[in-house]
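Biologist: Could you take me through this one, starting with how it is divided up and then moving to the contacts?
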Amino acid sequence: MDYEIVIGLEIHTELKTKSKIFCGCSTKFGSPQNTNVCPVCLGLPGVLPVLNEKVVEYAVRVGLALNCEILPFSKFDRKNYYYPDLPKNFQTTQYDLPICVNGHLDIEVDGKTKRIGITRIHMEEDAGKLVHSGATITSSDSALVDYNRTGVPLLEIVSEPDMSSAEEARAYLEKIKAILEYLDVSDCKMEEGSLRCDANISLRPQGTTKLGTKAEMKNLNSFRSVQRGIEYETARQEEVLEDGGKVVQETRTWDEGKGISLSMRTKEQANDYRYLPEPDLVPVIVDPEKVAEIRANLPELPEARKQRLMADYGLSTYDAAVITVSKAMADYLDESVACQADAKLVANWLMGEVSKHLNNDSITIGQCPVAPKQLAELIALIDKGTISNKIAKTVFEEMWTSRKDAEVIVKEKGLVQISDSSEIIAIVDGVIAANPQSVADFKAGKEKAIGFLVGQTMKQSKGKANPDMVNSLLRERLQGN
Amino acid sequence: MELFKYTAGQLHEKLVNKEVSAVELTNAVLGRIDAVEKDVQAYITQTKEHALEQAKSVDAKIGQGQSIGMLAGIPGALKDNICTKGTTTTCASQILANFVPPYDATVVEKLMAEDTIVVGKANMDEFAMGGSTENSGFFTTHNPWNLETVPGGSSGGSAAAVAAGEAIWSLGSDTGGSIRQPAAYCGLVGMKPTYGRVSRYGLVAYASSLDQIGPITRDVTDCAHIMNIICGHDAKDSTSSNSIVPDYTKSLINNIKGLKIGLPKEYFVAGMDPAVEKAINKAIEQLVGLGAEYTEISMPHTEYALSAYYMIAPAEASSNLSRYDGVSFGKRVEGTDIIDMYKKTRSEFLGSEVKRRIMLGTYALSAGYHDEYYMKALKVRTLVKQDFDKAFANVDVIITPTAPTTAFKIGEKANDPLAMYLQDVCTIPVNLAGVPAVSIPCGFAGGMPIGLQIIAKPLAEETLIRTAYTFEQNNDYHKGFATMGGK
Amino acid sequence: MKITCKDVENVALLSRLEFSASELETFTGQMDAVLQYAEVLNKVNVDGVEPMAHVLPLKNVMRVDEAKPSLARELALANAPEQEDGYFKVPQVMEGE
């Protein structure tokens, strides 16, 4: 039996507002436990929430960028359940009238475009953090609670179950992340939890339309986890079905270390959230003028940025797409170009050496030790012929670790390219004289022999000889003899 | 006459004229508490030292010739569900027996800015759920008019304190009648303002869309003074009204000529004490005699209001009270794991009536019953409000009894929750519609006070005050003082 | 009977309350009485009637996005039944199998 995979993603993003959604506490990440709290976000008796206007503005921004309909009338509701990271034991969220509905996002996988539906986007508050929780941690029979994160504003973006593969899910997630960054509403750091992804996965026989039983997967903390988790779950469900069993509707947690998912089914019955309209908050009415104002002031989105890079700099579709995946990288390119560097060259360096080093060090472009201006200067040196491309890579390595400018390094290490013909001829003549066999081979018609001679010349010049000139002068001298 | 028998208005004059000092006045009230508190049991917490300190600073101001507000230097009580920074706030629940709020309710801030004096936190039905103060998690309060009877609820302690002279004024809260009914049982003036008129920030929530804080006083003048202080928009309360607060003392006018009074036949229920009915009718005759015009009106959805209330209020309460779980404040019973801890803590420290309403509310909201009970109740609420809207198109105020009987004996209704709920039949529709209402004394039956309820349309407290003042000034009921078995 | 002991048990679980057998019976009887009384709601025609969750016609009540000082940690923890290292401490939280 062939199955097709049906995937829906629920993405939560923490908004980078200055204060929490219902109180004035700071949303700053990494503060000492329980120092960004107040009676309101602690849920003390007698407190009341007051909505942060920026949260509504950001929600509309995201809704517009994802082609949603902004509901003119939306409201908040209480979702009731007990958990120690939830001070009031209910979460204030939006249930039946979320602020945005019926959107879509187009993604590209393997050169094909696919439209992923977006069911809804709504505002809600985040919960606190538990430390040392879980029965599996044998040393602790208790848990510690930090409420700094309670009340941080969240947007939940729910997709239609329109994705059919782990690749599509990943592409969707990457695009959502890019859009959120470009809109400047979130810093989207999965490792800090400001972007979270849960996946709903089910299988159905190939060609059918009825949805199978889905399992919800949580704790997908990185792009890699999302991809691996979905692949694992797909295989697990397929095995269950092949064995004649039924997939259980449940929540599962992904263990990245072990590469498996575990059921989170508790012994208690499934939660009945008993939604009721939040009596302490009044409805949110976004009028058309407000929506138009927000739309007019939307920051440039990735697609538009990509088109602009292609038009202004002549970058290829592929290159522009890769560069604009991250707003920070696109900004880096712009800054570098502003320092007189050629855009295509900058793009190549970003996609090549820069990305390689960022990945090796597990850092993002925001933490790149080489500044855009410095990269521009390096490229200028290559352009002028002061150093070769190959030497430039060495210089770049040095720039990365020492943070020094390219020119300084080139001077210190004496890496200036030799472009003086007479100097190169001198070395070439020396190499020809020292390698008569190779010369003879070349003259006999073995083209490969010249590679060896070029190599020897480069070696003699400690890599500094201009490779193109070496090639042409070598051939000249060989012809001559 | 003992100082504690005067009204705040009268005492203000004495303070300003330097006939008496704030310290003297405070000591008089504290002395009264010492004398009768063991019989009345109005207070959960007393704040004697702090009160005397506040009194001293008021005297200093007077001494320096500074002008003082109407309530400055005058001792009162706060219902114990109003958060006071640094002073235990228990809501008469064991689960909050040790809870000390790190903040003041907005109304407390406003009162403090006026140099008022708070002598203690008053007893109440636990989490404001009840109509007799017998549901307090600590002890029952006794009605000063007859110590064997209840003071009413849930603001029973607030009312009893004022009736006994243990406070000159007090604040209560009203969700289904909890200011008005105790005021009626204790012969006092109790006002529930329009929903949103007074900030709820710092009022421990029972049913968020129904709760309001309001004054309980000896006369209408004091009520107006307190309303001037506590009313107004609060940025911390998203449901508070933006409407400007008028000077309510300007409505202390003895004139109701041309006032249109409506009498809804549906409020005169079977089971009403005939003496109460008689007193209400007599009061209406008097009002007509003073120039009002009377019409019988119909509010056809009144009979459904009680049921709607007992779906909506418990539903909101079940959510509001989820936070009492032993995690970050209040009492805790340790458990083998967190769920065990939740269950043990809540089961041990929450009282029966509270548990009953949490359970009812949870049931009404639960999957499968949500539409049948909760949503339907919200729709009935709309109909109840529409009844009031239609009525106020033709009348200025609606007059009803506050309660069908006078104060009943302690223990009489304790085992029959439904019978207790039926006491609220006259007051509940007012909360559902969010309109303002006041209860004023209008007679006695068997020596026990009877309350007259006056209801006005939203934000028409001025009309309430004028009507109440006129009736009061043409009678002597506000001049009586609770007998307390001869004390 | 509108409500059974089993129903009440389920509701108790959702409310994080536990009852003895006799308490459960008493509660069931009392809740049943209230729900029977609430049957009167079924006599009303609510066709076309909007539910009313808020009595005031307020909308868009919001505040400006600015950070305000938080509560000092000692005050935040002052009422904590148990604390450790600036955290609130609770018994173990079970999650899954």
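Modeller: Chain A is divided into domain 1 (3-292), domain 2 (300-413) and domain 3 (421-480), with bounds that come from an automatic or database domain assignment. This is a predicted model, in which local features need pLDDT of at least 70 and side-chain atom pairs count only at pLDDT 80 or more, while totals for chains, interfaces and linings use all residues. Residues are numbered from 1 along each chain as its sequence is written, chains are lettered from A and ligands numbered from 1 in the order in which they are written, and side-chain values use heavy atoms, with hydrogens and water left out.

Biologist: How much area do domain 1 and domain 2 of chain A bury between them?

Modeller: About 750 Å², 63% of it on carbon and sulfur atoms, where buried area is the accessible area (1.4 Å probe) that two parts lose on being put together, summed over both. On the domain 1 side, A:Ala178, A:Glu181 and A:Tyr182 supply 66% of what that domain buries against domain 2, more than any other three residues.

Biologist: Switching topic, how many residues of chain C are in contact with chain B?

Modeller: 50 residues of chain C are in contact with 64 of chain B, contact meaning heavy atoms within 4.5 Å. The area buried between these two chains is about 5200 Å², and carbon and sulfur atoms give 71% of that.

Biologist: And how many salt bridges there?

Modeller: The count between chain C and chain B is 2, taking a salt bridge as a side-chain nitrogen of Lys or Arg within 4 Å of a carboxyl oxygen of Asp or Glu. One of them joins C:Lys43 and B:Glu303 (3.9 Å, N to O).
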